[in-house]
Amino acid sequence: MIIVAKIITALVAVIHIYILWFEMFAWTTTGRKVFKNFPKDLFAPTKQMAANQGLYNGFLAAGLLWSFFIDDAAWSANVALFFLGCVAIAGIYGALSVSKRIFIVQSIPALLGIMFWCIVKFS
């Protein structure tokens with residue numbers, strides 16, 4: 001189970017590295033493909049705002065990756081659970097405020113990771 005929990009944690013980190021990339025560096029190109037319902041004329045004026053959001057996604061990815069470098073197994077799991085929880089909550093908020101697709105892309109993988117880490121920790 002721990003291998004599954006770590007794979008899911010790594011997957012969530014990779015998703016957030018991708019989000020960092022397109023929000024910080026490709027907002028006016030890839031961003032248009034990802035957020036099809038967002039008005040096309042607002043991508044350029046919101047470039048700095050998107051870059052700020054991308055930076056926060058990078059912090060989430062960094063926290064998830066940090067969990068792999070913690071030697072103490074209990075603390076590694078705690079850090080992974082904390083950052084997966086942050087991702088799940090951000091995804092829920094995004095689904096309620098922007099698009100339900102955000103729940104599928106961000107929250108579901110994070111919730112699966114939380115589930116597997118809880119199985120590891122409490123079994």
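These legends accompany close-up views of a predicted model.

Local features shown here need pLDDT of at least 70, side-chain atom pairs count only at pLDDT 80 or more, and totals for chains, interfaces and linings use all residues. Residues are numbered from 1 along each chain as its sequence is written, and side-chain values use heavy atoms, with hydrogens and water left out.

**View 1. Helix H3 packs against helix H4.** Two packed helices are described by the angle between their axes and the distance between the axes. For H3 (residues 47–66) and H4 (residues 73–97), the angle is about 155° and the axes are 8 Å apart. That makes H3 roughly antiparallel to H4 (angles over 145 degrees count as such). Axes are lines fitted to C-alpha atoms, for helices over the stretch in contact, and angles run from 0 to 180 degrees between N-to-C directions. Helices are DSSP runs (H or I, at least four residues), numbered from the N terminus. The crossing of H3 and H4 is left-handed, meaning that the near helix is turned anticlockwise from the far one by less than a right angle. On the H3 side, look for Phe59, Leu60, Gly63, Leu64 and Trp66; they meet H4 residues including Phe83 and Cys86. Contact means heavy atoms within 4.5 Å. This contact has 10 nonpolar, one polar and no charged residues (Ala, Val, Leu, Ile, Met, Phe, Trp, Tyr, Cys and Pro count as nonpolar, Asp, Glu, Lys and Arg as charged, and the others, Gly among them, as polar).

**View 2. Helix H1 packs against H3.** Here the angle is about 160°, with the axes 7 Å apart. That makes H1 roughly antiparallel to H3, and the crossing is left-handed. Among the H1 residues in the contact are His16 and Glu23, while H3 brings Lys47 and Asn57, among others. By class, the contact of H1 with H3 has 13 nonpolar, six polar and two charged residues.

**View 3. H1 also packs against helix H5.** Their axes lie 8 Å apart at an angle of about 155°, and the two helices are therefore roughly antiparallel to each other. H1 passes H5 in a left-handed crossing. The contact includes Lys6 and Ile15 of H1 and Phe116 and Trp117 of H5. Its residues divide into 14 nonpolar, four polar and one charged.

**View 4. The largest pocket has a volume of about 910 Å³.** A pocket is an open set of points on a 1 Å grid over the protein atoms alone, where a 1.4 Å probe fits, with protein on both sides within 12 Å along at least five of seven lines; lining residues have an atom within 4 Å of a point. Grid points are joined across faces, edges and corners, and the volume is the space filled by probe spheres set on the points. Of the 27 lining residues, Glu23, Phe35, Val98, Ile102 and Gln106 are the closest to the centre.

Terms used: Parallel < 35°, antiparallel > 145°, perpendicular 65-115°, else oblique.
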